[in-house]
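Here is a short tour of the structure shown below.

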Amino acid sequence: MTVATRLANAGDLASLRQKILAGRKSTKIAISVCAGTGCRAQGSMELFEEFQRELQEQNLTDVEVRATGCHGFCEQGPLVVIFPRKIFYRGVKVKDVPRIVEKTIRNNEVVDSLLFKDPATKKKCLLENEVPFYAKQQRIVFRNNGKIDPTQIDDYIAADGYAALAKVLTKMSAEQVIEQVSQAGLRGRGGGGFPTGRKWDICRAQPGDEKYVICNGDEGDPGAFMDRSIMEGDPNSVLEGMTIGAYAIGASRAYIYVRAEYPLAVTNLSIALEQSRSLGLLGENILGSDFSFDVEIVRGAGAFVCGEETALIASVQGDIGSPQQRPPYPAQAGLWGKPTNINNVETWANVPVIIDKGSKWFAGMGTEHSKGTKVFSLVGKVLNTGLVEVPMGTTLREIVYDIGGGIPKKRKFKAVQTGGPSGGCIPESLLDLPVDFEKLTEAGGMMGSGGLIVMDERTCMVDVAKYFLAFLVDESCGKCSPCREGVMQMHSILCRIVQGEGREGDIELLEQLAAYVKESSLCQLGGTAPNPVLSTLRHFRNEYEAHIKDKKCPAGVCTALVEFEVDEELCKGCGLCMRDCPTEAVIGEKKQPHKIDVELCIKCGVCYEDCPFDAVIAK
Amino acid sequence: MPGEKSASVEEIDVSAARKIAAGHRAQGNSLVTVLQDVQTEYGYLSGEVLEAVAEEMEVPFSQAYGLATFYSSFSLQPRGKHHICVCMGTACHVRGAANILEKLERDLGISSGETSEDLKHSLESVNCLGACALGPVVVVNDAYHGKVSSRDVDKIVADLE
């Protein structure tokens, strides 16, 4: 950090920004190495260190190397972007570093083999925004991810960070802030979609001086990881959003509740807290104003139900995370019985941009009732997995095919699952659906926190329903019986169906139970728990019927209903399945069609997944 | 459970747990935070340790035990020298995580949630690690392995020493 002295007023912040920017003019080239969890898993930190070492060795001291937050295109990691040209390298390894430094840094040449090749056009993409995965995105929440070093508040300030807070503290009343957020049409990105401005207003209107703000970073939906990337990659944007919200609501203390599984998010948030405190952007009399505010991190301990507001509050208080009856709502009596406002990470990260660029600008993006952008985690059976930020109203087809590149191995698309365990599966016939809060719900899905899990012809929808119910049985807190017993009962019926023991009338029984559980559960976990079953029944009823009546699993997933066979015409005798079979059930000579010994086969499905020629078939 | 002592387990020194609890109590931090730090210190939460923490925090033992069993990140069993965690999130599930977990169970000879008798390996499945783009994901002693195939499992197991 350049300066560690407190900023006495908004003018100090502006001068600090000027000073940082002035100091950076000489550094023309910057190497940004993605240090998100995905790229780290593929060795990006070793890469980062190697760049540092190589640059030092070659005495290239004016070149900056930056470990940034997640760039989003995890599938192709580790990712490296060379600024200012934004040359995009993918799948970079430590051994590539000397070549990149020699060619690109020293001689402004491109290392061809590290460029992304568009599978559709077979053309190589030089720049980040030429890559189809990025070309259709609009990065508002992810404005800084991939550009700034999240452990350096200077980087955030240089990118106009905390300018919105300064504006709020010097020029806006609390009412004006709420008005602007309301007019922008921002809705909660955690799943509920409740209008953020109205939520703040309700909390502000409560009597009493002691109020709390909470950031829900308990991203529990399996398949969603955008909040993680924001907390890891741009923690200050969350803190700035929370500070602005607290000013509007009249709160002076806040908590960020971070999932147990996100240690890097805790580390980067802690660094951001420390740095913003030392600059006086948190703490007493922020930027010399009358407003004082501070934030504390609470680590979650692993419970899906803690994503629910009242359960989360209980957990912050150190209790078992079990939900409470509402009303009273947290806005009336939340943390320690005081009015409390909870928003999720992505919602908070939107706030500074809305203040900065105005409500009209924000409301200019999206659909009639869903404004702005949404970050989706595009994962599962799709070519380009990663984090995708698009304006609300973008169709599922654009996301899955134009950005996601479609389904790997030329297999057929079956469904996209949205909204986590509370959501549902959307079939191919609805792919042209513009994604917003209302449209997804109408289709039997849900916005949720934004997980989009793509499924292909080899995904069994009954198995998917069973998977989610097993998840919910595990995560039900056990407080109310409709959820505790009902979901378990539904799960056992599904188990029986996939085992080939489904009975006539099971589908109707599932529907009946679903209605009870939905109606009578205490919180939204139970209230939405039947959704995975209902939505798969709605769109894929024939698969249930095939399991129950014909004792077949059309996708070849449910092992009790499947026998694997080798298609002799397709088999090239490569031996891959033979090598991987745990029970030596695959027999045959090299380059000759193989066979599966049904007696030895334990139906683990390894050969079925393995075969590069799709020669193993499920019957 | 409290007071239950197995002959094979050495007496556990609970003084570190008491110290951690006392420190947090002075700062007004919650019992969950105390248990998290105590687990980091000991690797797991034994009955003796939970008793000591409850006493130090002046709460009933049942409260500490309740939290330790409610939240999934707490373990009442010692973990192995190598702790292997298989992500069972939706993205990993549709890409065959169940097969990966089954293979690990077969290869290590323990079921998910168990620790081998020699305390060498422990295996656990988690609901989502948030590295969904890389599914199926296996984490071995905090090191992430992405896009894991059954062949990778052979290598992962062979590398455990």
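Chain B of this predicted model is divided into domain 1, spanning 15–70, and domain 2, spanning 82–158. Between the C-alpha centres of these two domains of chain B there are 29 Å.

- Four strands of chain B make up an open sheet, with mixed pairing and the order E2-E1-E3-E4.
- Strand E2 (121–126) and strand E4 (143–145) of chain B are the edge strands, each pairing on one side only.
- From one strand to the next, the twist averages 20 degrees.
- Strand E1 (residues 82–87) and strand E3 (residues 138–140) of chain B run antiparallel and are joined by three bridges.
- Helix H6 of chain B, residues 97–108, lies across E1, E2 and E3 of chain B. Relative to E1(B), helix H6 runs at about 155 degrees.

**A glycine worth a visit: B:Gly96**

- You will find B:Gly96 in the loop between H5 and H6 of chain B.
- B:Gly96 counts as buried because it has 22 C-beta neighbours inside 10 Å, and the cut-off for that class is 20 or more.
- Once neighbours within four places in sequence are left aside, B:Gly96 is in contact with A:Glu609 and B:Pro136, so one of these partners belongs to chain A and the other to chain B.
- B:Pro136 is 40 residues away from B:Gly96 in sequence, while their C-alpha atoms are 6.8 Å apart in space.

**Where chain B meets chain A**

- The contact between the chains involves 36 residues of chain B and 42 residues of chain A.
- On the chain B side, helix H2 (31–42), helix H4 (61–70), helix H5 (90–94), H6 and helix H7 (150–158) each supply at least two residues.
- Sorted by class, the side of chain B that touches chain A has 16 nonpolar, 15 polar and five charged residues.

**Chain A as a whole**

- The secondary structure of chain A comprises 24 helices and 19 strands.
- Taken along the principal axes, the box filled by the C-alpha atoms of chain A is roughly 80 × 65 × 40 Å.
- Buried residues account for 56% of the 619 residues of chain A.
- Of the contacts in chain A between residues at least 6 apart in sequence, 71% join residues at least 24 apart.

**A hairpin in chain A**

- E11(A) and E12(A) form a hairpin, and five residues lie between them.
- Strand E11 of chain A covers residues 373–380; six bridges join it to E12(A), and the two strands run antiparallel.
- Within this pairing, A:Val375 stands opposite A:Glu389 in E12(A).
- How many of the residues of strand E12 (residues 386–391) of chain A are buried? Six of its six residues are buried, and the strand is described as mostly covered.

Note on methods. Residues numbered from 1 in each chain as written. Chains lettered and ligands numbered in written order. Predicted model: local features only at pLDDT ≥ 70, side-chain atom pairs only at ≥ 80, totals over all residues. Pairing = 2+ DSSP bridges. Axes fitted to C-alpha atoms, helices over the stretch in contact; angles between N-to-C directions. Contact = placed C-beta atoms within 7 Å. Domains from an automatic or database assignment. Nonpolar A, V, L, I, M, F, W, Y, C, P; charged D, E, K, R; others polar. Buried ≥ 20, exposed ≤ 12 C-beta atoms within 10 Å, placed from the backbone.
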